[in-house]
Amino acid sequence: MKKRTMSLLSVAILNFAYGQKDSLSQKNIEEVVVTGQYTAQSIKRSLYKVEVISSDDIKRMAVNNVAEVLNQTLNILIVPEKNTGDSKANIMGLGADYTKVLVDNIPVVGDTGLGSNIDLTKLSLDNIERIEIVKGSMGVEFGNNAVAGVINIITRKNSKKKWNIRGFVQEETVGKEYDWVDYGKGRHIQSLGISHNISDKWYTDLSLNRNDFQGFWGSNKGKNYFEQDNRRGYEWQPKEQWNPTFLLRFAGSKTQFFYKADYLMEEINFYNPLLVPKDLGEGERTFTAIDRDYFTQRMLHHLNIQTEIFKKTKFTGDFSYQKQSRKKEDYIFDVPAIQEISRENKSTYYEAETFYSRGTISNFLNSDKSNVQLGYEGDYTKGFAGTDTGKFDNNNIENNVLNVGVFASAEFDLSSNWFLRPGVRMNFSDTFETKPNFSLVLKKTINDQSEFRAVVGSANKNPTFEELFTFLVDSNHNIQGNSGLKPESSYSGMLYYSIFSKPETQFKWSVDISSLYLQTRDRIELAITNEQPLQYKYINVDSYESWLNTVSGKISNKNFGLNLGFSVLGRMMDLNQTQDDRYQYSPEINASAYYNLLKTKTSFAIYYKGVGKTYRIMEDKSLGVTQYILGRQNAFSLMDASVSQKIWKDHFTITFGVRNIFDISDVRNGASGSTGGVHGTTGAAERMFYGRSYFGRFNFNF
């Protein structure tokens, strides 16, 4: 019923939208980036090497969340979790705890911290202008947990049109599963957004998105199946998301600000395969199950101010309040009768509440050859983990953490097109020891068609809630956290060389060659602290090294584009106090192409990603808590394709496509060499995808 309401609302709004006309002329705006910059500037002038996924790229993919976009990106591995529905990013072979995820330059709250270990399926793509990616340790610019890199999602904050009404309806199979009649199978997605230029200075935007994933049945039989063979339920749990957003922006000659509110509501349904017979008397019986609903609510308020003070000095301030809570609700379900018998009250098992602020001043030197930035960043986070997690000695754990960082950097325009940017940061905390970070960027503009960069940097990773406070002691386990853990440290060094076509040519091409080395120290691992009786504890012990070498190229003109990339990632790990001095190498390749038929306004796109045999750090929860092992994942390949057709003065776009053309579902994993988890691992196959799926999408834009 909710889906029908959204669909009818989307169609009804078209009558109003058709009467609106553009009031602002079209302008060609040069592509700019903000990640790691003092102010927004041309990507050609950026000292850091910033990878950009544009809104046009996202439209051609016909995807619906950030995880689906990055799944086709070179050197980023998206790891899905079928039970929770979460998908998180691994960069440089490190887990999601080591990558900082930002929205409009501020970190997003998650279960285990601010900006790290973020579920990317909870970040929709409505009104996204671009995604910026910087690899390597970025501790000076972005603080704790920016170890492997930064993913910065930039939303659109203006429009060329007086009014803009946009939206889409998308229907998609889940593997071979789909049901249009009662929406019991498949994926059903709707989006509606309205933006308005109130005046030449004021702009506002309001949007609502819904993603209804009805689960993947696989070999299971769904929620209404009641044979006692453990096949009730789903291989991937059903999940529904609602995401309303609001934006208000003011743009004056010297002062700009925006306020953004983002709210997420998510529900995941778990249907228990264990059935309990219940005698009804007179020879009749039924079967009941204890099912569970999981609820996630996330709110984000963000105020950004950019202004000039003292003539040319620029101040940028960000202020944010964020809160994420996870709740569960158990109920008894009579499966043959398809009705609830009783339902418990909701209980909170994870909650994080954060107050965040960041401020910088720059451009206060009266010089064309140098610039200095001074800044601060602070966050106060209140965390809660309930007894339902089963990890904290049946106690509710509450803890507050205050982190403050002050940083400074300077940019120097040296002679002969050499640019230098040193930076330093001090991180203070009421929980962890004081840690410094440093960075140094060197850029040489060789000529108007080539440039060279050398970047070194450092970052820290703070311990997680689980690593600090776990207390799981029973007849089978003795696993304890460690409140005395110190943050992990990382160091990275990067070399980049780029050649590209002249700016004025219509036929564009570029080639990038890069080599990136990263090392982490004091890695936190679950280690054996006593043989008899067997006891485990989180300690700072391990190290990790990775070396990433990449070659990529692009060519494009007004109706054609081709991207190719190849990389080799080497990893050397000292895990669980087991030394291995060998590098384990993993190749990866990606390619994408699009072609536009200008006369018919038809567009074709294809995407390919091949991941070779991979040695990566995997989560092992066999002891009831999270530890990490060196695992081997077999090679696999993904390919998507789509065709789009614009109609009726480009107001409508119809897209049809295929995802996972090679029909990949399971990828076999196993322990590598002598390193392994505490309980060991087997060569079991991991269900990473649900096979080939098909989709159709109808967009409107007025």
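In the predicted model, Y331 is buried, with a relative accessible area of 6%. Its ring pairs with that of F333: the two centres are 6.4 Å apart and the planes stand at 90 degrees, so the contact is classed as edge-to-face. F333 also counts as buried, because its relative accessibility is 10% and the cut-off for this class is under 20%.

Y331 has a bridge partner as well, R343 in strand β18. The hairpin of β17 and β18 has 4 residues between the strands. In this hairpin I338 adopts a positive phi near 55 degrees.

Aromatic contacts were examined further. A pair of aromatic rings is described by the distance of the centres and the angle of the planes. The model holds 22 aromatic pairs. One of them is formed by W217 and Y234, whose ring centres lie 5.5 Å apart with the planes at 85 degrees, so this pair is edge-to-face. Both W217 and Y234 lie in the loop between β12 (202-213) and β13 (239-251), so the pair ties together parts that are 17 residues apart in sequence. Y234 is buried, with a relative accessible area of 9%. An aromatic cluster is formed by F213, F216, W236 and Y690.

Rings also take part in contacts with charged side chains. K44 lies over the face of F500, at 3.8 Å from the ring centre. For K346, the charged end sits over the ring of F295, and the distance to the centre of that ring is 4.0 Å.

L303, F319, F355, Y376, Y380, L402, V404, V406 and F428 make up a nonpolar surface patch of about 700 Å². Two strands, β20 (370-385) and β21 (397-413), each supply at least two residues of this patch. The largest share, 3 residues, comes from β21. V406, one of the patch residues, lies in strand β21. V406 is classed as partly exposed because its relative accessible area is 40%, and this class lies between the limits of 20% for buried and 50% for exposed residues.

How values were computed: Residues are numbered from 1 along each chain as its sequence is written. This is a predicted model: local features need pLDDT of at least 70, side-chain atom pairs count only at pLDDT 80 or more; totals for chains, interfaces and linings use all residues. Side-chain values use heavy atoms; hydrogens and water are left out. Two strands pair if DSSP finds at least two bridges between them. Patches are made of residues with over 30% relative accessible area and no salt bridge: like charges are joined within 9 Å, nonpolar side chains (Val, Leu, Ile, Met, Phe, Trp, Tyr) within 5 Å. Accessible areas come from the Shrake-Rupley method with a 1.4 Å probe; for residues, only the protein chains shown count as cover. A salt bridge is a side-chain nitrogen of Lys or Arg within 4 Å of a carboxyl oxygen of Asp or Glu. Buried means under 20% relative accessible area, exposed over 50%, partly exposed in between (1.4 Å probe, protein chains only). Rings of Phe, Tyr and Trp (its six-membered ring) pair if their centres lie within 6.5 Å; planes under 30 degrees apart count as stacked, over 60 as edge-to-face and the rest as tilted. A charge sits over a ring if NZ of Lys or CZ of Arg is within 6 Å of the ring centre and within 35 degrees of the ring normal.
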